Amino acid sequence: MNSTNTAVSRRDQILREAARLFAERGFHGVGVDEIGAAVGISGPGLYRHFAGKDAMLAELLVGISGRLLTAGKRRVAEAADPEGALDALIRGHIDFAIDDRPLITLHDRELDRLRESDRKLVRQLQRQYVEEWVAVVARVHPGATEREVRAAVHAVFGLLNSTPHLGAQSSLPGRREMSELLRGLALGALGALDSTADWRVTY
C-alpha cells in the first residue's frame, strides 16, 4: 500500500472513531487525545490529518450528505423504471441508516456546531437529496399532490433514520432481516399515498 492510500485509510479510521465517540459522549465530551488513542496514534498526531475536532465534525456531516446525494443520483440514473429507482433509493438509505448510525446521532445533536458555511452546505446537499426522492416518488404515486409526496418522503426519512433509537445492535434482528423490515415499512408508508385521493374526497 502506498503512502497516499495509507493516509486516506488513516483519515477514514480517525473519522470513524471520532463519529463513534462524538455520538456516544457528545462533541465536547471527547478530547483529541481520546480520538488518537482509539486509532493508535498520539493526540498531536491527529493534527497531521485534521486541524482539530471542528474539522472532523465538518468532514463527517458534509461528507455523508454529499455521499448520500451522489449515490442517490447514481441509483436513479441506473434504474430501469421509477419503481426500480425508488427501491434503489430506499435500499441505499437503509444501508446508511444501519451502517452509519453514529452519523445520524451526530447530525441530530451537533449540526448547529458547524460553521455557518458548512451548515449551509449540509442543508443544500440535503435539499437536493430530498428532491431526488420527491421526483421519483411522484412518478411512482402520480395521484398524490406534491405536498403529500414531500410529507411522505420526510416521514420515511424519519422512519429510516430512527435506527440509533432502536437499542443496541445486538438486540436487533440480523442485518439482512433488519434491512428487509425497514424496506417493507418504507414501501408501506409510501404506499399510503395511493389512498390520498380518497381521503381528500372523504374529508
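Tutor: A definition to start: a helix here is a DSSP run of H or I with at least four residues, and helices are numbered from the N terminus. The model is predicted.

Student: In which helix do arginine 150 and glutamate 146 both lie?

Tutor: The two residues form a salt bridge, with closest N and O atoms 3.0 Å apart. They sit four residues apart, about one turn of the helix. Both belong to the run of residues 146-160, helix 7.

Student: Does glutamate 146 count as buried or exposed?

Tutor: Exposed means over 50% relative accessible area. Glutamate 146 has 52% relative accessibility, so the residue counts as exposed.

Student: And arginine 150, what does that residue count as?

Tutor: Buried means under 20%, exposed over 50%, and partly exposed in between. Arginine 150 has 26% relative accessibility, so the residue counts as partly exposed.

Student: Which residues do salt bridges that share partners join into one network?

Tutor: A network needs shared partners. Here the salt bridges join Asp87, Arg91, Glu180 and Arg183.

Student: How many residues apart are aspartate 87 and arginine 91?

Tutor: Their side chains meet in a salt bridge of 3.0 Å, N to O. Both lie in helix 4, residues 82-99. Their separation is about one helical turn, because they are apart by four residues.

Student: Is aspartate 87 buried or exposed?

Tutor: The cut-off for buried is under 20%. Aspartate 87 has 19% relative accessibility. Aspartate 87 itself counts as buried.

Student: How far apart are the closest N and O atoms of arginine 25 and glutamate 34?

Tutor: Arginine 25 is partly exposed, with a relative accessible area of 40%. Glutamate 34 is partly exposed too, at 33%. The two form a salt bridge, and the distance between their closest N and O atoms is 2.2 Å.

Student: How many salt bridges does the count come to?

Tutor: The rule asks for a side-chain nitrogen of Lys or Arg within 4 Å of a carboxyl oxygen of Asp or Glu. By this rule, the count is 15.

Student: Why are the buried residues of helix 2 on the same side?

Tutor: In helix 2, residues 32-39, the buried residues are Val32, Ile35, Gly36 and Val39. They share a side because they cover an arc around the axis of only 100 degrees.

Student: Which exposed residues does the face turned away from the buried side carry?

Tutor: Look at helix 2 from the face turned away from its buried side. The exposed residues there are Asp33 and Ala37.

Note on methods: Residues numbered from 1 in each chain as written. Predicted model: local features only at pLDDT ≥ 70, side-chain atom pairs only at ≥ 80, totals over all residues. Heavy atoms only, no water. Buried < 20%, exposed > 50% of the residue type's maximum accessible area, 1.4 Å probe, protein only. Helix = DSSP H or I, 4+ residues; strand = E, 2+ residues; numbered from the N terminus. Arc of directions from axis to C-beta.
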